[in-house]
Amino acid sequence: MNGPVFDIAHMLAGGLVLVSMMMLYQDRLYALLNMFALHSLVLTLSVAWQAFVQDAPHLYVTAAIALIFKATLIPVVLHRMIRQLGIHREIETVVGIGPTMLAGIGLVALSIVVMLRVTPQADPLAREDLAFALSVLLLGLLIMVTRRNAVSQVVGFMSLENGLVLAATGAKGMPLVVEISVAFSILIAFIVIGVFLFRIRERFDTVDVRALDDFRGRRRK
């Protein structure tokens, strides 16, 4: 494979992991949403580059979907939702930022070691992309686990899906119909989550998921 082609693909996929780590570091909602928009933008560039490298025009549609919905529409809607809900801007975490970042670094190292060991015969570009995609996926899960605010957990879920898209495109792409169905599924899930957030805010006057645990505990008593 041509050196510059591999280097650019490697840089974009690695940039997605770097932005995931930056998302993990954020402790304010607006900054987290801005990082998610950047995350989706880097994904758009990575998918577009894969479309060029693989000569797969349908991946340009995937890149356009990521740009329109994930890098633009969803962050704007979440910003408006935060203002309408009157959510405080700081994000409460289960553990401190330091231990969370160390856990994130450990997950990235684990992803690279595991993926490179189980795919020794795969195409080098696909191996690197799959390793980075697994890192993005695990970091998205870590965001969901370590954040108590429901909005930040939604962002973690969306970044996790970005990792799945990176994995699919790195492994010689996916059928266009599959990507469109996934995009609409994510959009529907986002709408449902939005309604869910408003209901939580209306019922508990907060979107901290601990309120649900407290309410469940009182119901059991």
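**Figure 1. Contact between helices H1 and H5 in a predicted model.** From H1, the residues in contact are Phe-6, Ala-9, His-10, Ala-13, Gly-14, Leu-16, Val-17, Ser-20, Met-21, Met-23 and Leu-24. Their partners in H5 are Pro-124, Leu-125, Glu-128, Asp-129, Phe-132, Ser-135, Val-136, Leu-139, Leu-142, Ile-143 and Thr-146. Sorted by class, this contact holds 15 nonpolar, 5 polar and 2 charged residues.

**Figure 2. Packing angle of H1 and H5.** H1 covers residues 3-25 and H5 covers residues 124-146. Their axes lie 9 Å apart and meet at an angle of about 10°. Angles under 35 degrees count as roughly parallel, and H1 and H5 are therefore roughly parallel to each other.

**Figure 3. The salt bridge between Glu-161 and Lys-70.** The closest N and O atoms of this pair are 2.1 Å apart. The model has 1 salt bridge by the rule applied. Glu-161 belongs to helix H6 (residues 150-170) and Lys-70 to helix H3 (residues 58-85), so the pair ties together parts that are 91 residues apart in sequence. Buried means under 20% relative accessible area. Glu-161 counts as buried because its relative accessibility is 6%, and Lys-70 is buried because its value is 8%.

Figure 4. Residues 58-82 are 100% helix and 0% strand, with 35 Å between the end C-alpha atoms. Residues 130-147 are 94% helix and 0% strand, and here the end C-alpha atoms are 26 Å apart.

Technical notes. Residues numbered from 1 in each chain as written. Predicted model: local features only at pLDDT ≥ 70, side-chain atom pairs only at ≥ 80, totals over all residues. Heavy atoms only, no water. Helix = DSSP H or I, 4+ residues; strand = E, 2+ residues; numbered from the N terminus. Axes fitted to C-alpha atoms, helices over the stretch in contact; angles between N-to-C directions. Parallel < 35°, antiparallel > 145°, perpendicular 65-115°, else oblique. Contact = heavy atoms within 4.5 Å. Nonpolar A, V, L, I, M, F, W, Y, C, P; charged D, E, K, R; others polar. Salt bridge = Lys/Arg side-chain N within 4 Å of Asp/Glu carboxyl O. Buried < 20%, exposed > 50% of the residue type's maximum accessible area, 1.4 Å probe, protein only.
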